[in-house]
Amino acid sequence: MIIAICFYIFATILIGSAIMVVFSKNPVHSVLFLILAFFNAAGLFVLLGAEFVAMILVIVYVGAVAVMFLFVVMMLDINFTELRKGVQDYLPVGLLIGFILPVEMAVIAGGWSMTDGIASTITAATPPVNEVSNTAAIGSILYTDYIFLFQLAGLILLVAMIGAIVLTHRKRTGVKKQDIGKQVRRRRHEAFEAVDVKPGQGI
Amino acid sequence: MGKYIDIFMNWAFGYQMPEWAILTFGTLANVLLVALPVLLAVAMIVYVDRKVWAAIHLRKGPNVVGPFGLMQSFADGLKVFLKETIIPAGANKFLFLLAPGLSLIFGLVGWAVIPFDEGVVVSDLNVGILYLFAVSSLAVYGIIIAGWASNSRYAFLGAMRSAAQMISYEVSIGFVLVSVLLCVGSLNLTDIVLAQKNVMFGFNGFFFTGLMPMFFIFFISALAETNRTPFDLPEAEEEIVAGFQIEYSSMSMALFYLGEYATIILMCGLMSILFFGGWLPIIDWEPLYMIPGFIWFFGKMFFFFFCFAWIKASVPRYRYDQLMRLGWKVFLPVSLIWVVLTSGYLVFFCKFAS
């Protein structure tokens, strides 16, 4: 019963905060509601017994990605009246996307249930929870069955990272830069000089 | 705890509690049994902190309120409690008041998975270490929200610095945790401590093995993660006045301090669990096991806290570019290489715990 109560609490807050992400007037509030939604999704994963996925969701999305979102949104200088102006123009596009997404999800779900021999795949993917911890289960699936896809995903991320660095990195001339090695190597006798100043003479 | 409550209710009132009540009240009692001593420990550890700085500065430190000044923290607490809470006119009121609470909560929730002795733990999660990592990465929210909601340039600068700093050092902390996990083969903190028994030459603790450099990386990253000197740039007085807490007064400011110190003690506990064998004695020698485990655990935590205070009293603050260089150009490659070396060693000598 406690699990059921927890489920309804998490699910209600999740849906409520997901709605508030769209409807809150201040973008910073939107991001904070998004974080709350992530959090409750993690709670739902814990209830499912998938604690590894829950913790990764919190670490990656709440701990890193959402901080970056918040960072960017806080830096924006937004005029709210101007922001509100375009709602009418964007409404059809938004509605179209809002229509396409559920249809696609329905297609996937329908295809999943209609494919032949899906029952064996579903049961094969999940070893019993009380025998193998789900960290080990995910690890063994990811690094044996899907190792090449996993490597490929890593490679794509690496290429994207290198691309971003190449696009934004430029060598600027005439800018003072710190040379840490030089700073560390500096000794006191190079920086200071003890001068014996005679009274009334100055240097 | 639930078991004892049930027995007590049966004995005192002859009332058999339903299952859900035992679970709920038992968990609540467990949480209070850990959270209240932690808050008390924070008050006392602030006193220890000030005494250590004073000793290093050749001063006396707090010595007026109570015997040896022991009640100083409580007097300070009373003082800030009686002051007026000022909310700036341009501040976002709800978030402004939420932020200190968040930073205190994230300082406390991590204690749920810390094992004080074998089996003495609120929740023996089997992903305990990931939970702690998640909680420590959440601590940044209290600071960011405070900085933004204050509607002040200084506060915002402090918040941005803090966010950048915490995210940078989390990366190296993550790799340190990975290298420890590889050696243990489990994410459970109790398993991690038990795996360190007699790990090398009769010593208990990964510190005495090849993971020693990772301990130093973890220690320094923990300093950065908790905004302690020499990495306390988010509140650098000379540059941005008091950083993210500039607009805070009274109890809302004190909550930041409580959260900060709770996180610091948590980090000290994590260091003793990961590298010094938690509740195990330092040396695997039978008579030393006569001393209760939690005393070993608290002793180790106290030693690390002493090191924190010692560093605060003696090391000047880092410059921001030096901080970023240390995180990204020194700790990240070194810890990454060490993860590769550790896993290579484990694979080569077939020591992977499966």
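Predicted model: local features only at pLDDT ≥ 70, side-chain atom pairs only at ≥ 80, totals over all residues.
Is F207(B) buried or exposed? I started my notes with that one, and the answer is buried, at 15% relative accessibility. The cut-off I used for buried is under 20% relative accessible area.

**Chain A, overview**

I looked up the secondary structure next. Chain A is 203 residues long, and I get 19% of them as buried. Then I checked contacts with a separation of 6 or more: in chain A, 55% of them are between residues 24 or more positions apart. I also looked up the accessible surface of chain A, which is about 16100 Å². Carbon and sulfur atoms hold 70% of that surface.

**Rings in chain B**

Back to F207(B). I counted aromatic pairs over all chains and got 30. One of them is F207(B) with F216(B): the centres are 5.9 Å apart and the planes sit at 70 degrees, so I put the pair down as edge-to-face. The angle settles that, because planes over 60 degrees apart count as edge-to-face. I then asked how F216(B) is placed, and at 44% relative accessibility this residue is partly exposed.

F216(B) also pairs with F215(B), again edge-to-face, with 5.4 Å from centre to centre and 70 degrees between the planes. F215(B) is buried, at 6% relative accessibility.

Which residues do the ring pairs link into a cluster? I noted F207(B), F215(B), F216(B), F218(B), F219(B), F275(B), F276(B), F303(B), F304(B) and F308(B).

**Where A meets B**

I moved on to the interface. Chain A puts 28 residues into the contact and chain B puts in 29. Between them the two chains bury about 2400 Å², and 80% of that is on carbon and sulfur atoms. On the chain A side, I found that M55(A), I59(A) and M74(A) lose the most area to chain B; together they make up 23% of what that side buries.

How many salt bridges does the rule find across the interface of chain A and chain B? I got 0. For polar contacts I got 5 residue pairs across the same interface of chain A and chain B, with both residues at pLDDT 80 or more.

I wanted to know which elements of chain A do the touching. α3(A) gives the most, with 15 residues.

**One residue up close: E51(A)**

I picked E51(A), which lies in helix α3 of chain A. E51(A) has a relative accessible area of 13%, so I list this residue as buried. The side chains of E51(A) and N126(B) are joined by a polar contact of 3.3 Å. What else does E51(A) contact, leaving aside neighbours within four places in sequence? In chain A I found F45(A) and N134(A), and in chain B, V127(B) along with N126(B).

Key:
Residues numbered from 1 in each chain as written. Chains lettered and ligands numbered in written order. Heavy atoms only, no water. Buried < 20%, exposed > 50% of the residue type's maximum accessible area, 1.4 Å probe, protein only. Contact = heavy atoms within 4.5 Å. Areas by Shrake-Rupley, 256 points an atom, 1.4 Å probe, with all protein chains shown as cover. Phe/Tyr/Trp six-rings, centres within 6.5 Å; stacked < 30°, edge-to-face > 60°. Buried area = accessible area lost by both parts, 1.4 Å probe. Salt bridge = Lys/Arg side-chain N within 4 Å of Asp/Glu carboxyl O. Polar contact = N/O pair within 3.5 Å; in protein donor to acceptor, adjacent residues only side chain to side chain. Helix = DSSP H or I, 4+ residues; strand = E, 2+ residues; numbered from the N terminus.
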